[in-house]
Amino acid sequence: MLHDPNRIFIFDTTLRDGEQVPGSQLTTPEKIIIGEALQSLGVDVIEAGFPISSPGDFQSVVELSKAVREPIICALTRANKGDIDCAVEALKYAKHPRIHTGIGASDMHIKYKFNSTREAIIERAVEAVKYAKKSVEDIEFYAEDAGRADNQFLAQMIEAVIAAGATVVNIPDTNGYCLPEQYGAKILYLKENVKNIDQAIISVHCHNDLGLATANSIAGLQNGARQVECTINGIGERAGNTSLEEVVMILKTHHSLGFHNNINTKHIYELSGMVSRMMRMPVQPNKAIVGRNAFAHSSGIHQDGVLKHRENYEIINPEDVGIDQSEIILTARSGRHALKHHLARLGYADERLDLDHVYERFLTLADAKKEIKDDDLLLLMGNEADTNFINGVTINSLEVICGDEKDPSASIHLNYKGEDHHATANGNGPVSATINAIQRIITKPVDIKEFNIHSIHGGSDDVSKVDMRVIYEDKSYMGYGFSTDIVRASANAYLDALNKFV
């Protein structure tokens, strides 16, 4: 049936199985937006819903059929005429309609869900496929709980529904039970024991209850399946479904598998965010491919390796999934190479920096904060590119005392002109006392004209940013300071301004 034996068809069920997540239901307009995005992504099949389940689901299938014209639009049913009639009506505007019907295949389902027998279940399956075939040519049959089904019986069922007209046979691991080698062997058994298997496409539909959905899907493809059913971000019933982005990027990364598909991977990250927002399902930071940390590096060893050659620690180019570039995240675990990289990106030239000294200051800040951002670096450096840090004025220590019973006082040790200087002063507040103590050491007529305090980040690691403008000999100088302590931030800003002319 397949002209290209290595072509993998991508069946997206985000709008059906994915929407079964509690609290993640979509409106019809939202489904259309996601459906159009899936079309742009290049999926082959969109499972639009389960029409008989509700008037809203029925209408969504109708409207998606009108709006999305390139992929196959699929509607789910149970193996009964009422479900199938409803699906046929919902799909009447679809350019490429498919009915997805089926019934349980495991002895567990046959006995405890249907209270039936194997023979009767096969009869119902065949009847449903034949009935659907009268209205729609493209019929997919799902053998629910195939992962736990007896392989010999499963082969009999699949052979019978293909003979009845099924064009695709779905072998779902409905409960996420199988190990990859078990699931792969099941698909291979069907390839080798269903005599008319070449008349249909084998589809894999795996759940993630044991975290094996993607691994099982790949095992299925390696053993003869050529359609994979998946969702964006791996959302779905219970622990979720096979993740579309994981399967697609595995196929792209492992060229030796020899498979190809029509997915434009550069749309993956954008679509992931869209689905996450609309369905109110945050993506975990360490989620493969689309998680916030998937292309982020914070370890100094990893950062150094990535900066030297990206493929040292990245097997996927982030641009391939629509991410501009990897992130070198600055934390207390980051090394000099990562700090130097970010400073160069912000315009600080190597030859103008005492990197070891800057790195010491960086570690002090990084120990006080979880993550260092560009704002933090700009404040860390002040106007470092235009000053000689080694010969500037720096704080060796600062102690401030204040309380209800006495005026605030500050005791400060500065390195000034290569020597240690100490001064103590009072003020009408701790910041004022600190500035007065610095002025006693510098002994230059400096007036503060502007003084502003800002908070860079919220949370327990809040950092204060201070910027001030001072006047010296009729010239204006800006200073910038930061610290988790507002008094120290003010002192840093004042010294940054002084370093422009001292």
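User: Which residues lie nearest the centre of the second largest pocket, and how many line it?
Analyst: The lining has 24 residues, and Arg16, Leu76, Lys113, Tyr142 and Glu144 lie nearest the centre. A pocket here is an open set of points on a 1 Å grid over the protein atoms alone, where a 1.4 Å probe fits and protein lies on both sides within 12 Å along at least five of seven lines; a lining residue has an atom within 4 Å of a point. The model is predicted, so local features need pLDDT of at least 70 and side-chain atom pairs count only at pLDDT 80 or more, while totals for chains, interfaces and linings use all residues. Residues are numbered from 1 along each chain as its sequence is written, and side-chain values use heavy atoms, with hydrogens and water left out.

User: What is its volume?
Analyst: The volume of the second largest pocket is about 470 Å³. A volume is the space filled by probe spheres set on the grid points, which are joined across faces, edges and corners.

User: Which element gives the most to that lining?
Analyst: Strand 4 does, with three residues. The elements giving two or more residues are strand 4 (97–104), strand 5 (139–144) and strand 6 (168–173). Strands (E, at least two residues) and helices (H or I, at least four) are DSSP runs, numbered from the N terminus.

User: How do the lining residues divide into nonpolar, polar and charged?
Analyst: Seven are nonpolar, nine are polar and eight are charged. Ala, Val, Leu, Ile, Met, Phe, Trp, Tyr, Cys and Pro count as nonpolar, Asp, Glu, Lys and Arg as charged, and the others, Gly among them, as polar.

User: Staying with strand 4, is histidine 100 buried or exposed?
Analyst: Histidine 100, which belongs to strand 4, is buried, with a relative accessible area of 1%. Buried means under 20% relative accessible area, exposed means over 50%, and partly exposed lies in between (1.4 Å probe, protein chains only).

User: And what does histidine 100 touch?
Analyst: Setting aside residues up to four places away in sequence, its contacts include Leu76 and Tyr142, as well as Phe11, Glu47 and Glu229. Contact means heavy atoms within 4.5 Å.

User: New topic: how many residues are in the largest nonpolar core?
Analyst: That core has 90 residues, and Phe141 and Ile158 have the most contacts inside it. Helix 6 (residues 151–164) gives the most to this core, with eight residues. A nonpolar core is a set of buried Ala, Val, Leu, Ile, Met, Phe, Trp, Tyr and Cys residues joined through side-chain atoms within 4.5 Å.

User: What surrounds Ile158?
Analyst: Beyond residues up to four places away in sequence, Ile158 touches Phe141, Ala143, Val169, Ile171, Leu190, Val194 and Ile197. Phe141 is also one of the contacts of valine 129. Valine 129 lies in helix 5 (residues 118–133) and counts as buried at 0% relative accessibility. Its C-alpha is 7.0 Å from that of isoleucine 139, a residue ten places away in sequence.

User: Why is helix 10 described as largely enclosed?
Analyst: Eight of its eleven residues are buried, so helix 10 is largely enclosed by the rest of the structure. The buried residues of helix 10 pack against helix 1 (28–41) and helix 9 (244–253).

User: What comes just after helix 10?
Analyst: Arginine 280 follows, with a positive phi of about 55°. Arginine 280 is in the loop between helix 10 (268–278) and strand 9 (296–297), and counts as partly exposed at 47% relative accessibility.

User: And aspartate 145: what is its phi?
Analyst: Phi of aspartate 145 is near 60°, a positive value in a residue other than glycine. Aspartate 145 lies in the loop between strand 5 and helix 6 and counts as buried, at 0% relative accessibility.
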